[in-house]
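Dear colleague,

Please find below the structure for your records.

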Amino acid sequence: MGDDPFPVEWAGRQAIVAFPGYVDASNASQLRDRLLSVINRGAAVLIADMTDTESCDHSAVEAVAWACQRAAISGTQVRLVVTAPVVRRVLSIEGLDRLVPIYPSLAAAIGREPPRLPLKGIKAAGTITPAVLWQLIDALGDGLALTDHEGRIALVNERCAEMFGYKREELIGLPVDALVPSDVRTAHQGYRVGYHQAPRARIMAERTRLVGLRKDGATLPVEISLSPLPTASEDFVLAVIRDATETQRRNDLADLARDAAADQAHITSDLLDRVVHHLFQVGHSLQTAASLPADVVRARLSDALDQLDNVISEIRDYAFTSGGDDGRDQAPLGTG
């Protein structure tokens, strides 16, 4: 066992895989095989002990991430123990800290409950791993914030952090009251306490528009829906936050589009009425000219051609104007 770079220690269905000081492309494949063998043996908990690891690279992270995906399929819980700050930064950059819980010591990892699961209470089904769920949450257009009974933020998605001008890690543990202006903060605290005493789902349409406070001190109109989210250990509140300025902008654009469509329909109807009217006049004039002298017929034909030219000109102007090509005003029919 002394030459084994990844020794395994079993305690019931819990397996501890010790990592060496350096994990890189030279031993990443061996690490992957070792983790797979532990998962295949039916480990309920796999602890990847990186206490002595001073550095790791992308290939090492890929090996662990691959093992996490296989573990999710097998129902094995994976925990990481990391002590070196440089290793922790690598795992964070690669996104592994959102795939598996990371502990500061082996003793903490051996404990019965992890300090924080990426999505506590949600069990991955099939190949839907926590990492996939995180990608789904981060892809949402609305902000999501999960708060505990004390009003501290336990989880946020990228959209929420972006909306309030923070990095995601800055929001974790922050009182949610910090996201409202100071002049309404006391009232918000009372509202929040009251909600926890009688929680119920409250959709955006039931609530007036609220004001949020960005990190840079700017205020932001928001719309918020609340939903209680009880778990076995604690009752959480899930807030869905929408930037109300974007909502208003979309509504304004929709109103403009409806108005423009109504105006366009009115203009089109007027044009059609005028064209039909003048074509009828042309037809009637030519029909009555059949029994008239030749010089009168020629005059009638000349007038009819002029009117037809005017009709064609207005139709052409309408087509250009409605298409927005040159913005020319429509001339009234018959003025050409």
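How many residues does the largest nonpolar core have, and which of them have the most contacts inside it? This is a predicted model, and its largest nonpolar core has 32 residues. Those with the most contacts inside this core are Phe19, Leu31, Val64, Leu80, Leu91 and Leu96. At least two residues each are supplied by strands E2 (14-18), E4 (45-50) and E6 (77-82), and by helices H1 (28-40), H2 (58-74) and H3 (85-94). The most is given by H2, with 9 residues.

Leaving aside residues up to four places away in sequence, Val64 touches Phe19, Leu31, Leu35, Leu80 and Leu96. Another core, of 19 residues, lies apart from the one described above; Leu179, Val222, Ile224 and Ile241 are among its members.

Turning to the sheet, 5 strands form an open arrangement in the order E9-E8-E12-E11-E10, with antiparallel pairing. Strand E9 (153-156) and strand E10 (210-213) are the edge strands, each pairing on one side only. On average, neighbouring strands of this sheet are turned by 40° against each other, direction ignored. E10 pairs with strand E11 (residues 219-230) over 4 bridges in the antiparallel sense, and Leu213 stands opposite Thr219 in E11. Helix H8 (residues 185-197) packs on the sheet and touches E10, E11 and strand E12 (235-243). The direction of H8 makes about 20° with that of E11.

Finally, Ala107 lies in helix H4 (residues 106-110). Ala107 is exposed, because its relative accessible area is 64% and exposed means over 50%. The C-alpha atoms of Ala107 and Val81 are separated by 9.2 Å, the two residues being 26 residues apart along the chain.

Yours sincerely

Technical notes
Residues are numbered from 1 along each chain as its sequence is written. This is a predicted model: local features need pLDDT of at least 70, side-chain atom pairs count only at pLDDT 80 or more; totals for chains, interfaces and linings use all residues. Side-chain values use heavy atoms; hydrogens and water are left out. A nonpolar core is a set of buried Ala, Val, Leu, Ile, Met, Phe, Trp, Tyr and Cys residues joined through side-chain atoms within 4.5 Å. Buried means under 20% relative accessible area, exposed over 50%, partly exposed in between (1.4 Å probe, protein chains only). Contact means heavy atoms within 4.5 Å. Two strands pair if DSSP finds at least two bridges between them. Axes are lines fitted to C-alpha atoms, for helices over the stretch in contact, and angles run from 0 to 180 degrees between N-to-C directions.
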